[in-house]
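Let us walk through this model together, starting inside one chain and ending where two chains meet.

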Amino acid sequence: MQLHTGLASVFPRSEALVAATRDFDRGRTSAEALEELYARTETEVIALEERLGFDARTAGYLRWQDLFRPLAETWDGFTVGPVTRWFQTNTFFRRPVLHTPPERRPGELAARLPKPLTGPGVAAAKVLLPGPYTFTGLLDNRSGEPDSALIHRIGRLLAEEVKELRGKGYRTFQFQEPLLVDRPPEGVAAESVLAAYQSIAHQLSGGTSIVWTYHGDAAPVAPLLARLAVGVVGVDLAETEVAKLPMALEHKGIGLGVVDPRTTLVEDAGEVARIVRAVRDRLHPSSVWLSHGAPIDLLPWEPATRKLHVLPAARQLLEGPDGGGR
Amino acid sequence: MSDLPLFPMQEIGSLMKPRWQLLGQRGEPLDARALDELEIWEKRLPLADGPMAATVKALRAGRPREAGAEAVRDLGALFALRFFESVGLHRVYDGEARRIEMYEHAIRQMRGFQFQGHVRSFDNKYYLKAAGTGEIRLERPYHLEEFDFVQRHARATPKIPITGAYTLADWSYNEYYLSRTTGWKNRATRRSAQREFVVEIARQALRPTIAALVAAGARVIQIDEPAAGTHPDEADLVVEGFNAATDGIDAEFSMHICYSDYRDLYPALLEAKRCRQWAWEFANRDFEDRDGYAILNLLNEYGDPREVGLGVLDVHRDEIESPELVADRIRRTVRILGDPRRLWINPDCGLRTRSLDVAYAKLEAMAKGAQQVREEYEPSRR
């Protein structure tokens, strides 16, 4: 069983970056000074990822205002809409409003990826993207196209983005799909989700695709998750009982959200190792990807950093001399 | 309510702080904009002849340090009181003129919390978030000084807003109570730890504060629970927190909830026995199809006889509601609830996001709209 660790969402902004972005909005600091701090903080996130032994690099996606903004601002057909609650949290996103069928503008999304992930950083980079179902379900669709068809259309556009990014050397693509477990698709919508991921799979050419779910129990929707044409399915173990994960997920790569960003309480590495072994014994996954379940930016920078240390600690327990035991 | 007219009016909480207050309490001389603002509002709400004449004079003269930060804050509180009273509200407060916001101020009065840093709310907006890291203890009851000021200066009845236990818990990390559980922290474990957290905040901090306020003369208290609708499966915790915070206290309580699906909160809310009034947001959801108030059928479905503080002003838009629209919203609600005596009229939520001009115009429209309907039901008051 291959074991991977890493980040699965946007990382929190440092306190210095919080102050600088506020100052920028109030006209108290320049764009150049803010840019310099962004670059320095991205380097700090990369250093943290290296220190913790993470397999992939994200640089934190610190400039992204929310998960959808990079697409809503670089694809035609969208405007950025009202502030909307992000699931059952006290955080919010600006709801994209789709007026006409969306069209991507080649090269523009790639330009929004963190700079440390370009050039030599490409091979180790993890590209974060909204999943087609979550993106469709949370936008305000005024395009006239039914949601069920739009899911597939957005899947095809994401596939084009993947194709372009694969051409630049990116290998790992993670699609955020909290809506899949919060409001599981049924009937035609479920078929459209499957078709969307099929489109993406066609453009992967040997790369890795991950679907990451959180903010809900993955067990009821696991049969659908198992049918997705992706290499890894991530579940939030703060919401999902391991014992209830169906055998449909057997032998698939599985992502485990073992760090819970809803609390500052640091998880116990032994407990994390125990639960990973329980998954291994039940589902015999081809690979296990350990991370946080819900987005880590539900925490401030310092407690997020503190909590992530459990991942290498658990990994050491799992890969040590007694790693296969109990 | 016997000496009040039908459809009495109240405010819900915060008001934008005037620029002269913000600059003045920092000891900075007022710029032209702040001076203009002071002059314009002075004409509408005379403050210079009142107990704060010296403070107004110092501000006008560009010497706020002479008055001192506390006196400027006092003037801000008095301004808010007169702002609300001049529109004709029957219950008023100080627009939260002395509070930074509704979470941090309360948490800073308690032991058992540690601030962890900033979490992004959206875009470049953040809030400071604390973790409950130990047993909750109250350093000292809070809001007493501001209430004392309001009580001494208010001409209408004071109604004090206090952030509820559930919201304080939900906007914090629960570390201490979760750490006392064993095994994997699954949903059931988290819920049980959250229940302890909410109830301890209510018992150890909220209740002693409310009791002290009542002992100081507070009669009308609004418990603010904006987080109530965040987790539909925790509606019973909202109620447990409310009941624990008000246990054995004789006062008139209301609960303010906003931007939530109220349906998710029933039937749990029925158990908030000491709550006399629901003060909820509705105007924000009253679109072209005009069904924003239909959700009040819930109260009929569940046989909930409580008063309703009816949000008739959308606090997130500058557009001023017409008195006719306000009147129509009241009439629609009376048709749903039956008894017009159950209604109080108020904005959806605190008006702090609107400019003072917009907030005042909205409140004036609210007063005119309420008067229109009042005359239909009580022609003798015409």
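Contact here means heavy atoms within 4.5 Å, and helices (H or I, at least four residues) and strands (E, at least two) are DSSP runs numbered from the N terminus. This is a predicted model, in which local features need pLDDT of at least 70 and side-chain atom pairs count only at pLDDT 80 or more, while totals for chains, interfaces and linings use all residues. Residues are numbered from 1 along each chain as its sequence is written, chains are lettered from A in the order in which they are written, and side-chain values use heavy atoms, with hydrogens and water left out.

In chain B, Phe79(B), Phe83(B), Phe84(B), Ser86(B) and Val87(B) of helix 5 meet residues of helix 14 that include Leu356(B), Tyr360(B) and Leu363(B). Helix 5 (residues 69–87) and helix 14 (residues 356–377) of chain B pack at about 30°, their axes 9 Å apart. Helix 5 of chain B is therefore roughly parallel to helix 14 of chain B, a term for angles under 35 degrees.

Now turn to the interface. Here 30 residues of chain B are in contact with 40 residues of chain A. The area buried between chain B and chain A (accessible area, 1.4 Å probe, lost on being put together and summed over both) is about 3200 Å², with 45% from carbon and sulfur atoms.

Five salt bridges (a side-chain nitrogen of Lys or Arg within 4 Å of a carboxyl oxygen of Asp or Glu) are found across the interface of chain B and chain A. One of them joins Asp260(A) and Arg190(B) at 3.9 Å, N to O.

How values were computed. Buried area is the accessible area (1.4 Å probe) that two parts lose on being put together, summed over both. Axes are lines fitted to C-alpha atoms, for helices over the stretch in contact, and angles run from 0 to 180 degrees between N-to-C directions. Angles under 35 degrees count as roughly parallel, over 145 as roughly antiparallel, 65 to 115 as roughly perpendicular and the rest as oblique.
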